[in-house]
Amino acid sequence: MSTVTAKTFDDVACAFPATLQEALELMADEKTRGRPLAGGTDLMVQWESGVLEMPERAVSVKHLSELRNIEETDGEVMIGASVTHMGIRRSPLTQKYLPSLVDAAATIGGFQIQTMGTIGGSVANASPAGDLAPSLMITDGTVVVASVRGEREVPVTKFWTGYRKIDLEPDELIVRFRLPKMPDGHREAWRKLGPRQAQAISKVMGSCRGHVANGVVKSFRVAIGSIAPTCVRLYDVEKWVEGKKLDEAVLAEAEQRTSDGINPIADIRSTAEYRKWVTGRIVRGFLEQLAG
Amino acid sequence: MNKVKRTWNINGERREAEIPPVRRFLDVLREDLDLKGTKEGCGEGECGACTVIVDGEPVLSCMLPAGQVPDSAEVTTVEGLEKTPGGRLLQAAYAEKGAAQCGFCIPGMIVSSYAMLSRDPDMDPGRIREAHAGNICRCTGYEKIVEAIQSAAEQWPAEAKG
Ligand SMILES: Cc1cc2nc3c(=O)[nH]c(=O)nc-3n(C[C@H](O)[C@H](O)[C@@H](O)COP(=O)(O)OP(=O)(O)OC[C@H]3O[C@@H](n4cnc5c(N)ncnc54)[C@H](O)[C@@H]3O)c2cc1C
Ligand code: FES
Ligand code: FES
């Protein structure tokens with residue numbers, strides 16, 4: 001074991017495994033294990049600024065062909081961990097079945113960040129302001145992680161275990177996301193409120209998936225990011241509104257219950273009061289959109 | 001030894017480099033390969049001054065580990081633009097419309113323009129602005145830049161596609 005820490009980018013060794021299996025074997029052994037490196041749009045900044053120490057070794061996963069596909073089964077879309085935000089935007093499968101994920105990916109950085117940054121990197125980075133989280137949460141899908149010991153699935157809603165914490169062992173890599181398709185007749189919506197539209201760390205953002213027929217809410221799922229240490233599903237509001245007819249009184253109460261039901265963080269980007277109020281407005285807007 | 005060998009096709013020329021794998025591609029271009037046209041602005045992904053094209057996609061060379069640029073990748077930097085009909089057209093349009101003031105953002109800006117038009121020579125101002133949202137210009141307010149790109153798009157040569 002070495003105690004010397006690399007100090008510049010030039011000191012960081014990096015493996016370029018030819019296959020996923022090879023990558024998992026490198027991760028299995030402490031002597032060859034390295035920091036997974038995908039698009040580098042978080043890591044390169046965090047290493048340079050000292051938020052993270054430069055590691056001795058990285059393991060590049062960006063190029064692994066097993067992690068770069070978007071495929072479908074009957075009920076699901078599978079997105080490889082190294083698919084880029086631009087890849088999500090361009091895929092006919094995500095456009096058709098995961099529209100709020102596509103809209104969210106389109107608001108991440110500029111084109112250059114979108115062609116570099118990946119879904120796996122975004123999820124593993126686990127920032128409460130990570131823009132893909134709400135759209136993943138509302139699918140009730142799973143994160144598939146792998147190691148030489150085999151594959152394991154974790155519900156997306158349980159994968160973020162705390163502020164910048166994820167359910168991943170040191171020898172594991174995220175390999176793909178299994179995301180149930182938006183069912184027929186359902187709709188999704190995405191909203192991001194920040195100081196600037198693109199290029200901004202969001203103040204509050206969220207997604208919903210739902211179905212409203214004849215003014216009655218048949219199903220509703222909503223997730224909001226940037227208000228808590230992790231992105232959160234608003235299960236209480238979802239349950240309360242389901243089965244109700246969307247008149248003004250119900251919309252107003254849904255808004256109020258949303259604001260009252262959350263206990264948002266205050267930070268330099270926004271106050272807790274603002275977040276409560278704006279989250280209520282977002283949820284109300286979502287319900288109106290599903291009805292409209 | 002902490003080095004990897006890569007062979008790239010940069011601006012139509014075969015270039016070899018033996019480099020530490022996580023050295024920024026920006027530094028490899030400027031220092032190892034003496035291509036100084038690509039500029040460093042912020043060094044943290046915010047400004048777009050360091051934009052280059054790798055296999056058709058615009059990327060930020062200040063946050064790209066050089067080892068991740070795969071062997072035989074096609075790379076276009078601002079120096080390569082004058083070798084292509086589309087690049088020459090863009091340069092002329094930027095000059096004609098007076099799109100540059102201090103000029104600092106321009107190498108990255110025009111590379112983004114080239115990447116966008118090579119993919120799809122669309123003239124819609126909304127799309128042009130979106131494709132350049134990752135390129136910050138502190139001087140011009142973007143109006144002239146959008147006009148320059150629109151003018152280049154109108155005349156975009158068919159052979160420059162792709
Ligand atoms: C200028 C700029 C603007 C940005 N704007 C936004 C924005 O608007 N919205 C937003 O949400 N984000 C934004 N980001 C953040 C960033 O782009 C995203 O979080 C995301 O794209 C990171 O993906 P990456 O592939 O670059 O990750 P990397 O930097 O390569 O890795 C990030 C983390 O994920 C881990 N990791 C990567 N792949 C795997 C894997 N397969 N298995 C396990 N762990 C893995 C790494 O070890 C690291 O901890 C921005 C970043 C910059 C620099
Ligand atoms: S120098 Fe690369 S984005 Fe600013
Ligand atoms: S011309 Fe000065 S920054 Fe764009």
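Predicted model: local features only at pLDDT ≥ 70, side-chain atom pairs only at ≥ 80, totals over all residues.
Local features were taken at pLDDT of at least 70 and side-chain atom pairs at pLDDT 80 or more, while totals for chains, interfaces and linings use all residues. Residues are numbered from 1 along each chain as its sequence is written, chains are lettered from A and ligands numbered from 1 in the order in which they are written, and side-chain values use heavy atoms, with hydrogens and water left out.

In chain A, helix α1 spans residues 20-28, and its buried residues are Leu20(A), Ala23(A), Leu24(A), Leu26(A) and Met27(A). Buried denotes under 20% relative accessible area (1.4 Å probe, protein chains only); helices (H or I, at least four residues) and strands (E, at least two) are DSSP runs numbered from the N terminus. These residues lie on the same side of α1(A), because they cover an arc of only 155 degrees around the axis, the arc being that of the directions from the helix axis to the C-beta atoms. An α-helix has 3.6 residues a turn, so residues three or four places apart point the same way. The cover over the buried residues of α1(A) includes β1 (13-15), β2 (35-37), β3 (57-60), β6 (142-147) and β10 (173-180) of chain A, with contact meaning heavy atoms within 4.5 Å.

An open sheet is formed by five strands of chain A in the order β4-β5-β10-β6-β7, with antiparallel pairing; two strands pair if DSSP finds at least two bridges between them. Because β4 (70-72) and β7 (150-155) of chain A each have a single partner strand, they stand at the edges, and one side of each is left without a neighbour in the sheet. From one strand to the next the twist averages 25 degrees. Five bridges join β6(A) and β10(A) in the antiparallel sense, and Val144(A) stands opposite Arg176(A) in β10(A). Helix α1(A) lies across β6 and β10 of chain A and runs at about 125 degrees to β10(A); axes are lines fitted to C-alpha atoms, for helices over the stretch in contact, and angles run from 0 to 180 degrees between N-to-C directions.

Ligand 1 is surrounded by residues from chains A and B, so the site is shared between chains. Of the 35 residues around ligand 1, those that come nearest include Arg35(A) and Asp131(A), a residue being near if one of its heavy atoms lies within 4 Å. Polar contacts are pairs of N or O atoms within 3.5 Å. A polar side-chain atom of Asp131(A) is 2.6 Å from a nitrogen atom of ligand 1, and a polar backbone atom of Gly39(A) is 2.7 Å from an oxygen atom of the ligand.

In chain B, β1 (residues 4-10) and β2 (residues 13-19) pair in the antiparallel sense over seven bridges. They form a hairpin with two residues between them.

Methods. Buried < 20%, exposed > 50% of the residue type's maximum accessible area, 1.4 Å probe, protein only. Polar contact = N/O pair within 3.5 Å; in protein donor to acceptor, adjacent residues only side chain to side chain.
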